[in-house]
Amino acid sequence: MNTEAVKVKASCCAVPGKFIVSVLTLVLGLLSQQATAATSNLQFEQYIFNICFVVYGNGAPTQEIADMCTLTSTGFAGSGLIASFNLGTANAGSTAASRKKKGVRERLDEQQEKPAQGASADGGGWGFLVTPQYGKSNRPETDLENGYQSDLAGLVVGLDYRFSDSFVLGGAIGYTRDDAAFLNSAGSLNTTNNTLTIYSTWLPADSISIDGYLGYGKIRLDSQRKVVWGTSISGTARGNTAGQQVMGGMSAGYNGAIGRVNFSPFISLDSIKTSFDGYNETGTTTLELHFSERSSLSTTGGLGVHLGTSHGFDWGTLLPSARLTAVHEFQNKTRQISNELVITPGLGFLVETDSPDRNYLNLGLGVAAALDGGAQLFLDYEKRTQDRLLSSWAVSLGALVEF
């Protein structure tokens with residue numbers, strides 16, 4: 001059996017799994033927070049006080065502003081009344097762009113094993129991949145930003161062509177939905193993302209593999225923010241808008257073996273830029289906000305190792321594996337974000353974001369089954385840990401077929 005050919009066959013959909021990602025973490029970095037961050041509440045109270053008693057102290061120019069000032073006049077700090085605006089600075093996910101996951105075929109490639117039986121090196125040049133994924137993430141509340149729990153579901157379908165034993169080029173389409181519930185019944189945020197990705201794998205030598213990708217995504221989000229000001233205001237501000245993502249990255253690995261155990265140290269670099277159109281919230285609280293166009297850039301580098309082995313059976317080969325990746329965030333810095341009430345255009349206020357956790361770990365476990373005839377089945381688990389602002393896990397399973 002041609003080991004190099006098997007390696008390429010296993011990696012020809014190397015990157016699509018990266019795009020079953022949670023855009024929630026980037027979305028939150030661009031919107032008003034949906035939580036009860038104490039510092040943000042006080043900042044907003046001061047903002048309303050300045051509008052009602054400083055800027056328009058001699059009389060409001062519109063009835064809407066007059067009504068808002070009347071409703072909020074008894075709810076300022078020190079009044080003893082409860083005020084919850086749920087609008088910190090929304091940078092919850094800037095700690096690491098999103099839950100990037102290595103491609104499932106990339107993980108199969110990392111096995112670098114010559115199985116006694118399994119995917120035939122004589123199979124066709126085309127490869128078809130389908131992989132669903134499910135995951136959860138959690139973020140604690142801070143003085144500046146919200147806390148939330150979210151559920152992610154996604155699907156990637158890819159098609160590629162193996163031009164030779166050393167080069168594969170393909171494309172993939174993906175869909176994800178991320179539903180977040182904010183802590184303290186503060187609201188919700190639902191995001192969907194449709195992606196298109198071009199990816200490739202190149203093997204310059206038997207023991208070296210290089211993967212790269214470029215992608216584009218269209219995002220849609222719908223938000224609900226609970227607003228409470230004493231006993232005079234209680235309601236929900238709703239919003240929706242559209243956005244886009246541009247992403248790209250590369251990874252390179254060396255493949256060796258110690259006895260029956262294959263080891264593959266690797267490095268990676270990934271970058272995602274996310275932007276959203278401006279929009280106005282709607283509701284009846286008089287405290288609905290306007291959000292201008294916003295963007296966020298995340299660039300992460302990874303250094304890790306993959307360990308795997310293989311076990312032959314009558315039906316094919318079973319390949320269990322484990323991996324550990326140390327990740328560093330180079331960008332997504334803390335920043336000041338400007339917001340304003342819908343009824344007072346031009347009178348904004350600044351809120352500060354949390355500084356992201358620059359370093360964290362990704363732990364992974366997986367198993368692949370290379371069946372006689374060219375088909376491969378896989379199951380993979382990945383967990384993000386050692387990040388003070390975000391924890392998450394994701395499970396993916398699926399199949400790839402050569403023809």
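Here is a walk through some strands, a disulfide and a surface patch in this structure.

The model is predicted, so keep in mind that local features need pLDDT of at least 70, side-chain atom pairs count only at pLDDT 80 or more, and totals for chains, interfaces and linings use all residues. Residues are numbered from 1 along each chain as its sequence is written, and side-chain values use heavy atoms, with hydrogens and water left out.

Let's start with the strands. Helices (H or I, at least four residues) and strands (E, at least two) are DSSP runs, numbered from the N terminus, and two strands count as paired if DSSP finds at least two bridges between them. Strands of a sheet pair through backbone hydrogen bonds, either parallel or antiparallel. Take E5 (residues 187–205) and E6 (residues 208–229): they run antiparallel, joined by 17 bridges. A hairpin of two residues takes you from E5 to E6, and Thr 195 has Gly 217 in E6 as its bridge partner. Move on to E7 (residues 233–254), which is antiparallel to E6 and joined to it by 22 bridges. Here Leu 221 is partnered with Thr 241 in E7. The hairpin of E6 and E7 has three residues between the strands, and Gly 230 there takes a positive phi near 55°.

Further along, you'll find an open sheet of four strands in the order E10-E11-E15-E16, with antiparallel pairing. Its edge strands, E10 (279–280) and E16 (348–352), each pair on one side only.

Now for the cysteines. A disulfide is a covalent bond between the sulfur atoms of two cysteines; here the test is a pair of those atoms within 2.5 Å. Searching the whole structure turns up one disulfide: Cys 52 and Cys 69, with sulfur atoms 2.1 Å apart. It links distant parts of the chain, since Cys 52 sits in helix H3 (residues 38–55) and Cys 69 in helix H4 (residues 63–72), 17 residues apart. Both cysteines are buried (buried means under 20% relative accessible area, exposed over 50%, partly exposed in between, using a 1.4 Å probe and protein chains only).

Finally, what about the surface? Residues including Trp 126, Leu 159, Trp 202 and Phe 403 belong to a nonpolar patch with about 1000 Å² of accessible area together. Patch members have over 30% relative accessible area and no salt bridge, and nonpolar side chains are joined within 5 Å, like charges within 9 Å. A salt bridge puts a side-chain nitrogen of Lys or Arg within 4 Å of a carboxyl oxygen of Asp or Glu, while accessible areas come from the Shrake-Rupley method with a 1.4 Å probe, counting only the protein chains shown as cover for residues. Strand E3 gives the most, three residues. Leu 159 lies in E3 and is partly exposed, because its relative accessible area is 39%.
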